[in-house]
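Okay, thanks for coming, everyone. Let me put the structure up, and then I'll walk you through a few places in it.

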Amino acid sequence: ASTRLRLPHATPGPQGQMSAQRLLIPTLRALLIAFALFEAVNIRLYAVRTYGRVIHEFDPWFNFRAAEYMVAHGWGAFQAWYDHEVWYPLGRHVGSTTYPGLQLTAWGVHSALAAVGRPASLNDVCVFLPAGFGALAAGFTGLLAWEVTRKPNAAALATAIMAIHPGHLMRSIAGGFDNESIAVAAMVSTFYLWVRALRSDASWPAALLCGVSYSYMVAAWGGYVFVLNMIGIHAAALVLVGRYSARLWRAYSLWWLVGTAGAVFGPARYLVGWQPFQSLEQLGPTAVFAALQLWQLSEVMADRRRLDATETLKLRLRLFGYAAAAAAVAVAVVLPEGFIGPMSARVRSLFIKHTKTGNPLVDSVAEHQATPPMLYWHYFHFTLFVMPLGLGTAFFGKSDAKLFLIVYTIVGFYFSAKMVRLLLLISPATSVCAAACLDSLIAFNIEALTADDQPPVEGEEEEAEQPRAISPPPQQPPQP
C-alpha cells in the first residue's frame, strides 16, 4: 500500500463549483500580496509608534531642511541656494552638491495632498515617505520576479520577502528621510521595466518608461551609476551569449537616449553634468550603445546584401575597426585634454583593496568600509542559504530576464563585499532568488504529495470495480 499523503481531488460538478476552485489559488495569491504590501508599510512604522513623527539621524535632518527651503522658496531658489550655516566657515552650494529627487518627491506629495483637500505637514510627509516607498520597492520586486520566472507564486513570494527584507529595511524606516529610502524603489522599477522591454517586439514602450524611471533614479541617489552599468553589462552579455536581436537594440537605444537626456538635463544636471560622456565609470554603457548601433547596421547591411555568416563577420569587423579608429582620432585630436577624466577615488576603492578616497570624513564612516561576512547573515538571514538554489534555477530555460538576474546577482554580490552600504543593492536580487527557490520547493512537494491522487481515466474506475467473471474449466472429452 502507498504511504503517501492522499489529498482530495476535485470531482466533476456544477460549472460554478469548478470556477470557484479555479479562483481559489489566485485569490489566496492576491491576499498574500496585499498583506505583504500592508506589512511593508506597517513594519516600517515601528519608529513612529515608538518615538513619534520625528526625523532620525543627521543626513535625514539635512534633507528635511533642504526640503523645507525648496517648499518655501521654490525650485529656482533651491538650485541657487548657498547655505552659509553648514560646513562652517566654508558653507555649501546645495544646488550643485545634492541629489534633489528626494526633496522634489516630498514637495510633490505635499502639494498633491493639499490639492485633494487632505493637507499634511511637510514633516509628516517626510516621515512617512520612506515607508511608502518601501512598499513600492516590494511591489516592483514582485514584478521583476514575475518577468524572470514567469511564475505567479514566485512573484507573490518575492513581494513578501522584499517587504520585510532586513537589507532593505535598514534604509527605509519611517523617519529615515534619506536618498536611499526612495532610490531602491527607483532602482527596482528601472530593472523591471528593462527586462519587461525585452519580453517581445511589442514591448518597446516599456523602454521609454525605463528611461524615465532611470532619470528619476539619477535625481534620487548617486548609486545610479550601478544601475547604469548593470543594464550596460546585461546588454553586452546578451550579445556575447548569442542572444542579440533587434528587440535588444531598440530597447537599449530608447532607454539610453531617454535616460541620458534625463541625467544630463534633468533635476540633477548641476551634479551630473556631462559625466555620461566624460566619467570613466559611465563610459562603458555609452560604448555599448555605440556598439549596438554598429551591430544593428551590420545586420541590416548583411540582410540586404544576403551575406553568409563568414561575410557578415568580416563586414562587422570592418565596421568596428573604422569606428575604433575614428574614436581614437576624436580622443587624441578633437577632444580637449582632460575631457575624459579618470575613475573617481570612491569607485576605485571598490576594485583596489585599501584604496582610500582621500576625504577623511568619507574614509572614517563605518558604512564605507569592507563588509564583514557576519553582516550577510544579519541583513539577509535565510535568503542567504536558499538564494544559490534559486539562482541555479535561472540557468534552466534561457531567457533575457534570467540572464539579467544572473548578472545582477553576481555583480551585486561583488560590490556588496567591498562596502557595507552597498548591501541594499542586492536585496531585490536575493528576494527574487529566494522566491524562485521556495516556489520550486513548494511545487515539488505538492507534486509529490498528489502524485498518487490523480483521478482515474474515464472508464477505468468502472472496469476496476466490476468483478472479473470466472471462466469455467475446459470440458474434458468422455472416456471410451
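**A walk through the model**

Let's start at Gly74, which is buried, with a relative accessible area of 16%. For that word and its partners: buried is under 20% relative accessible area, exposed is over 50%, and partly exposed is in between, using a 1.4 Å probe and protein chains only. Before going further, please keep in mind that this is a predicted model, where local features need pLDDT of at least 70, side-chain atom pairs count only at pLDDT 80 or more, and totals for chains, interfaces and linings use all residues. Residues are numbered from 1 along each chain as its sequence is written, and side-chain values use heavy atoms, with hydrogens and water left out.

Back to Gly74, then. You'll find Gly74 in the loop between α3 (58-73) and α4 (75-79). Helices here are DSSP runs of H or I with at least four residues, strands are runs of E with at least two, and both are numbered from the N terminus. Which residues does Gly74 touch, leaving out those up to four places away in sequence? They are Tyr69 and Trp107, where contact means heavy atoms within 4.5 Å. Trp107 is 33 residues from Gly74 in sequence, and their C-alpha atoms are 9.7 Å apart.

Okay, zooming out for a second. The protein has 23 helices and 2 strands. Of its 480 residues, 43% are buried. And if you take contacts between residues at least 6 apart in sequence, 73% of them join residues at least 24 apart.

Buried residues in α22 include Ser427, Pro428, Cys433 and Asp439.

Thr430 also sits in α22. Is Thr430 buried or exposed? Its relative accessibility is 1%, so Thr430 counts as buried. The Thr430 side chain makes a polar contact with the side chain of His165, at 2.9 Å. By polar contact I mean a pair of N or O atoms within 3.5 Å; within protein, one must be able to donate a hydrogen and the other to accept it, and residues adjacent in sequence count only if both atoms are side-chain atoms. A polar atom of the Thr430 side chain also lies 2.9 Å from the backbone oxygen of Ser427. Leaving aside neighbours within four places in sequence, Thr430 is in contact with His165, Phe380, Thr383, Met387 and Phe413.

Glu57 isn't a glycine, yet its phi is positive, about 70°. Glu57 lies in the loop between α2 (46-51) and α3, and at 64% relative accessibility it counts as exposed. His381 isn't a glycine either, and has a positive phi of about 50°. Look for His381 in the loop between α19 (374-380) and α20 (383-393); with a relative accessible area of 41%, His381 is partly exposed.
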